[in-house]
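The account starts from a single residue and widens to the packing of the elements.

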Amino acid sequence: MTTKTSNRFATKKRNTNETKINLSLNIDGEGQSSLETGVPFLTHMLDLFTRHGLFDLNIQADGDTEIDDHHTTEDIGIVLGEALKEALGDKKGIRRYGNAFVPMDEALAQVTVDLSNRPHLEYRVNLPSEKVGTFDTELVHEFLWKLALEARMNLHVNVPYGENTHHIIEAVFKALGRALDEATQIDPRVKGVPSTKGRL
């Protein structure tokens with residue numbers, strides 16, 4: 001049996017010469033999002049992440065997208081990771097680990113997370129195209145690495161097969177949401193934090 005609590009919420013801001021970002025995250029949400037990222041493809045992916053993770057996510061971002069999408073995508077990953085870490089608090093009672101397989105037509109993605117306080121990204125994804133629309137697909141790695149770093153989590157992303165770049169990335173973001181939903185859930189059987197060290 002798993003349950004969710006109602007006060008795991010964080011609001012974060014990041015203002016630099018390149019981006020201005022306001023973000024709020026409710027781990028125990030209903031899959032609702034309000035996203036103004038200035039990067040349409042990233043907005044689409046974050047909407048999928050939110051819906052499949054059953055989080056509530058609000059983002060207002062203003063970045064130098066007239067140059068490219070790099071700074072905005074990277075900084076949203078940073079701020080989302082910071083919000084996730086803060087919203088989790090002391091992590092008492094969480095399941096800690098999460099794993100999800102998601103198919104998207106011909107593509108299959110697996111995302112596995114450990115909310116371990118040890119940041120690491122293992123990214124085994126072959127993207128056939130360098131762009132989806134105007135979005136540089138190398139930014140998927142950049143986003144995920146900054147998310148893992150700031151959330152201080154182990155994040156393993158594997159795509160064993162797939163031909164359509166949009167399908168592959170979509171499957172990754174859906175699986176990310178589902179894996180994080182599993183890892184962040186409260187398990188009433190867990191006393192304290194799920195670690196023999198006594199802390200995460």
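Beyond its neighbours within four places in sequence, Gln110 touches Asn99, Ala100, Phe101, His156, Val157 and Asn158, where contact means heavy atoms within 4.5 Å. Gln110 belongs to strand 6, residues 107-114. Helices (H or I, at least four residues) and strands (E, at least two) are DSSP runs, numbered from the N terminus. The side chains of Gln110 and Asn99 are joined by a polar contact of 3.0 Å. A polar contact is a pair of N or O atoms within 3.5 Å; within protein, one must be able to donate a hydrogen and the other to accept it, and residues adjacent in sequence count only if both atoms are side-chain atoms.

The model is predicted: local features need pLDDT of at least 70, side-chain atom pairs count only at pLDDT 80 or more, and totals for chains, interfaces and linings use all residues. Residues are numbered from 1 along each chain as its sequence is written, and side-chain values use heavy atoms, with hydrogens and water left out.

Two strands pair if DSSP finds at least two bridges between them.

Strand 7 pairs with strand 10 (residues 154-161) in the parallel sense, over 5 bridges. Arg124 has Asn158 of strand 10 as its bridge partner.

Strand 3 and strand 4 (residues 56-63) run parallel and are joined by 4 bridges, and Ser34 stands opposite Asn58 in strand 4.

**Helix pairs**

Two packed helices are described by the angle between their axes and the distance between the axes.

| Pair | Angle | Axis distance |
|---|---|---|
| Helix 2 (residues 70-88) and helix 3 (residues 139-151) | about 25 degrees | 7 Å |
| Helix 1 (residues 40-53) and helix 4 | about 35 degrees | 7 Å |
| Helix 3 and helix 4 | about 15 degrees | 12 Å |

Helix 3 is thus roughly parallel to helix 4, given that angles under 35 degrees count as roughly parallel, over 145 as roughly antiparallel, 65 to 115 as roughly perpendicular and the rest as oblique. The crossing of helix 3 and helix 4 is left-handed; a crossing is left-handed if the near helix is turned anticlockwise from the far one by less than a right angle, and right-handed if clockwise. Val140, Phe143, Leu144 and Leu147 of helix 3 meet Ile169, Val172, Phe173 and Leu176 of helix 4. This contact of helix 3 with helix 4 has 8 nonpolar, no polar and no charged residues. Ala, Val, Leu, Ile, Met, Phe, Trp, Tyr, Cys and Pro count as nonpolar, Asp, Glu, Lys and Arg as charged, and the others, Gly among them, as polar.

Helix 2 and helix 3 are likewise roughly parallel to each other, and their crossing is right-handed. The residues in contact include His70, Thr73 and Glu74 of helix 2 and Leu139, Glu142 and Phe143 of helix 3. By class, the contact of helix 2 with helix 3 has 8 nonpolar, 4 polar and 6 charged residues.

Helix 1 passes helix 4 in a right-handed crossing. Among the residues that meet are Phe41, His44 and Met45 in helix 1 and His166, Ile169 and Glu170 in helix 4. The contact of helix 1 with helix 4 divides into 9 nonpolar, 5 polar and 4 charged residues.

Notes:
Axes fitted to C-alpha atoms, helices over the stretch in contact; angles between N-to-C directions.
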